[in-house]
Amino acid sequence: MVEVGFGGGQALAEFAATHPSWQCVGIELYQPGIGALTLQCEARGLDNVWFVEDNVRLVLPSWPAASVAFVAIYFPDPWPKARHHKRRLVQPSFVREIVRVLEPGGRLALATDWEHYAEQMLAVCDAAPALVNEAGAGCFSLPAAAPRPATRFEQRGLALGHDIRDLLYRKRVDNDNAGHTPPS
Ligand SMILES: C[S@@+](CC[C@H](N)C(=O)[O-])C[C@H]1O[C@@H](n2cnc3c(N)ncnc32)[C@H](O)[C@@H]1O
């Protein structure tokens with residue numbers, strides 16, 4: 001699995017601890033976050049966590065297709081001002097790259113406390129032909145469907161009175177109905 005922008009690493013360390021047979025990779029630019037993750041791995045004796053200190057937009061294109069079973073993007077930078085929306089990570093080109101690295105049947109989980117960004121995530125991911133919204137098109141996911149530990153930025157959002165929205169997608173396998181009407 002890969003977590004994009006793991007921040008303090010709470011979710012990644014927890015996932016690795018509860019999935020010891022998985023190889024867990026975090027991609028993060030923020031050095032103190034990488035330090036925090038490293039300390040958690042040492043404290044918990046985790047030997048299935050790797051990190052890449054780089055911009056995910058530069059990292060993913062060098063990864064093989066269909067090589068990841070699960071991609072998590074929790075509370076990415078919201079860039080709330082309209083003039084900054086173009087800086088948001090979850091854009092059609094980035095989602096295409098995620099779809100490429102996901103194996104068929106692999107899952108993409110996202111969460112945010114910013115309503116406008118949540119709507120953007122929903123629109124962009126629902127529009128990706130290879131992704132199936134596990135909650136149904138146009139719907140956010142119930143937290144129980146995509147369990148994850150609380151992260152620092154989730155707690156910050158809750159303290160601000162924001163609602164949390166989760167999204168969960170599955171990459172189609174070849175025999176999935178791709179939403180097209182079959183020829184009669
Ligand atoms: C708002 S924080 C959320 C951190 C964590 N997921 C959480 O929920 O607490 C977003 C994180 O994404 C990282 N980030 C932003 N853009 C990135 C990029 N292009 N590549 C890798 N990491 C990125 C930032 O450094 C930051 O740590």
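Me: Trp 79: buried, partly exposed or exposed?
Reply: Trp 79 is partly exposed, because 16 other C-beta atoms lie within 10 Å. The scale runs from buried (20 or more other C-beta atoms within 10 Å of the residue's own) to exposed (12 or fewer), with partly exposed in between, and the C-beta atoms are placed from the backbone. This is a predicted model, so local features need pLDDT of at least 70 and side-chain atom pairs count only at pLDDT 80 or more, while totals for chains, interfaces and linings use all residues. Residues are numbered from 1 along each chain as its sequence is written.

Me: Where is Trp 79 found?
Reply: In the loop between S4 and H4. Helices (H or I, at least four residues) and strands (E, at least two) are DSSP runs, numbered from the N terminus. Trp 79 has a positive phi of about 40° although it is not a glycine. Most residues other than glycine have a negative phi.

Me: And Phe 75, what is its phi?
Reply: Near 55°, which is positive, and Phe 75 is not a glycine either. Phe 75 also lies in the loop between S4 and H4. Phe 75 is buried, because it has 22 other C-beta atoms within 10 Å.

Me: Ligand next. How many residues surround it?
Reply: 21, and Phe 75 is among the closest, with Gly 5, Gly 7, Thr 151 and Phe 153. A residue counts as near if its C-beta atom, placed from the backbone, lies within 6 Å of the molecule.

Me: Which element gives the most to that shell?
Reply: H6, with three residues.

Me: Arg 156 is in H6. Why does Arg 156 count as exposed?
Reply: Because Arg 156 has 12 C-beta neighbours inside 10 Å. Its C-alpha is separated by 9.1 Å from that of Asp 113, 43 residues away along the chain.

Me: Switching to H5. Which residues are buried there?
Reply: Tyr 117, Ala 118, Met 121, Leu 122 and Cys 125. They are on the same side of H5, because they cover an arc of only 140° around the axis (taken from the directions from the helix axis to the C-beta atoms).

Me: What do they pack against?
Reply: Helix H4 (92–101) and strands S5 (102–112), S6 (131–133) and S7 (165–171).

Me: And Met 121, what is it in contact with?
Reply: Leaving aside neighbours within four places in sequence, Met 121 is in contact with Val 90, Leu 110, Thr 112 and Leu 167. Contact means that the two C-beta atoms, placed from the backbone, lie within 7 Å.
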